[in-house]
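The following report is meant to be read alongside the sequence and the model. It begins with a single residue and then widens to the helices around that residue.

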Amino acid sequence: MISPSTGRPATLVVAGAVLAAEGLLALALGGYVAVETLTARASDLVSALAEAGLAVVAGAALLWVAWGLWQALRWSRGPAVVTQIFVVPVAITLIQGGQYGYGVPLVVAAVVALAALLAPASTRALVGEDDMPGRGSPH
């Protein structure tokens with residue numbers, strides 16, 4: 001199904017929205033850790049600031065990949081899929097640790113994003129009909 005407002009497959013819009021949400025969450029958590037570190041005098045200032053910086057960089061990278069999906073740029077699919085594959089074990093670890101409120105939404109988001117990224121409509125939009133195996137003219 002194509003989104004009438006954007007001309008993109010709905011699956012690509014969903015995948016981009018999930019990655020954008022993950023990116024915004026990472027930015028917010030990074031900012032929160034930075035503020036808490038600076039105002040609460042962390043026991044290990046360098047490690048806490050490094051963690052905050054890493055979260056901010058990861059959030060910005062996820063937003064960049066989400067933008068790539070929104071633009072239907074071919075390069076964006078690989079990092080988007082890899083990110084979701086890494087999110088699943090993190091979510092499972094949270095669930096096993098009793099953090100259901102964080103783990104369950106995270107695993108659901110990862111599964112939804114993976115399904116959307118691997119859907120045929122997303123593949124056609126990102127790879128192109130002629131580049132798909134078994135399609136187009138033989139070389």
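The model is a predicted one, in which local features need pLDDT of at least 70 and side-chain atom pairs count only at pLDDT 80 or more, while totals for chains, interfaces and linings use all residues. Residues are numbered from 1 along each chain as its sequence is written, and side-chain values use heavy atoms, with hydrogens and water left out.

Arginine 77 belongs to helix H3, where helices (H or I, at least four residues) and strands (E, at least two) are DSSP runs numbered from the N terminus. Leaving aside neighbours within four places in sequence, arginine 77 is in contact with Leu69, Leu117, Leu118, Thr123, Leu126 and Val127, contact meaning heavy atoms within 4.5 Å. Serine 122 is 45 residues away from arginine 77 along the chain, and the C-alpha atoms of the two are separated by 9.1 Å.

## Overall build of the chain

The secondary structure of the chain comes to 5 helices and 0 strands, so that, read from the N terminus, the order of elements is α-α-α-α-α. Of the 139 residues in the chain, 30% are buried. Among contacts between residues at least 6 apart in sequence, 59% join residues at least 24 apart.

Helix H1 has 31 residues and reaches 44 Å from its first C-alpha to its last, close to the 45 Å expected at 1.5 Å a residue; the expected span is 1.5 Å times one less than the number of residues. The buried residues of H1 are Leu12, Ala15, Gly16, Val18, Leu19, Glu22, Gly23, Ala26, Gly30 and Thr37, and these pack against H2, H3, H4 and H5. Arginine 41, which follows H1, has a positive phi near 55°.

For H2, the 26 residues should span 38 Å at 1.5 Å a residue, and the end C-alpha atoms are 37 Å apart, which agrees. Its buried residues are Ala48, Ala52, Gly59, Leu62, Val65, Ala66, Gly68 and Leu69, and what covers them includes H1, H3, H4 and H5. Just after H2, alanine 72 takes a positive phi of about 60°. For H4, the 19 residues should span 27 Å at 1.5 Å a residue, and the end C-alpha atoms are 26 Å apart, which agrees. Gly103, Val107, Ala110, Ala113, Leu114, Ala116 and Leu117 are the buried residues of H4, and their cover includes H1, H2, H3 and H5.

## The nonpolar core

In soluble globular proteins, nonpolar side chains tend to be buried together. The largest nonpolar core here has 15 residues, and those with the most contacts inside it are Ala15, Leu19, Leu69, Ala80 and Leu117; such a core is a set of buried Ala, Val, Leu, Ile, Met, Phe, Trp, Tyr and Cys residues joined through side-chain atoms within 4.5 Å. H1 (10-40), H2 (45-70), H3 (77-96) and H4 each supply at least two residues of this core.

Leucine 117, in helix H4, counts as buried at 0% relative accessibility. Not counting residues up to four places away in sequence, leucine 117 touches Ala15, Leu69, Arg77, Ala80, Val81, Gln84, Ser122 and Thr123. Leucine 69, with neighbours within four places in sequence left aside, is in contact with Leu12, Ala15, Gly16, Leu19, Ser76, Arg77, Ala80, Leu117 and Leu126.

Glutamine 84 is found in helix H3 and, at 0% relative accessibility, also counts as buried. Beyond its neighbours within four places in sequence, glutamine 84 is in contact with Leu19, Glu22, Ala109, Ala110, Ala113, Leu114 and Leu117.

## How H4 meets H5

The axes of H4 (residues 100-118) and H5 (residues 120-127) come within 5 Å and cross at roughly 60°. Axes are lines fitted to C-alpha atoms, for helices over the stretch in contact, and angles run from 0 to 180 degrees between N-to-C directions. H4 and H5 are therefore oblique to each other, given that angles under 35 degrees count as roughly parallel, over 145 as roughly antiparallel, 65 to 115 as roughly perpendicular and the rest as oblique.

Ala116, Leu117 and Leu118 of H4 make this contact with Pro120, Ser122 and Thr123 of H5. By class, the contact has 4 nonpolar, 2 polar and no charged residues, where Ala, Val, Leu, Ile, Met, Phe, Trp, Tyr, Cys and Pro count as nonpolar, Asp, Glu, Lys and Arg as charged, and the others, Gly among them, as polar.

Note on methods
Buried < 20%, exposed > 50% of the residue type's maximum accessible area, 1.4 Å probe, protein only.
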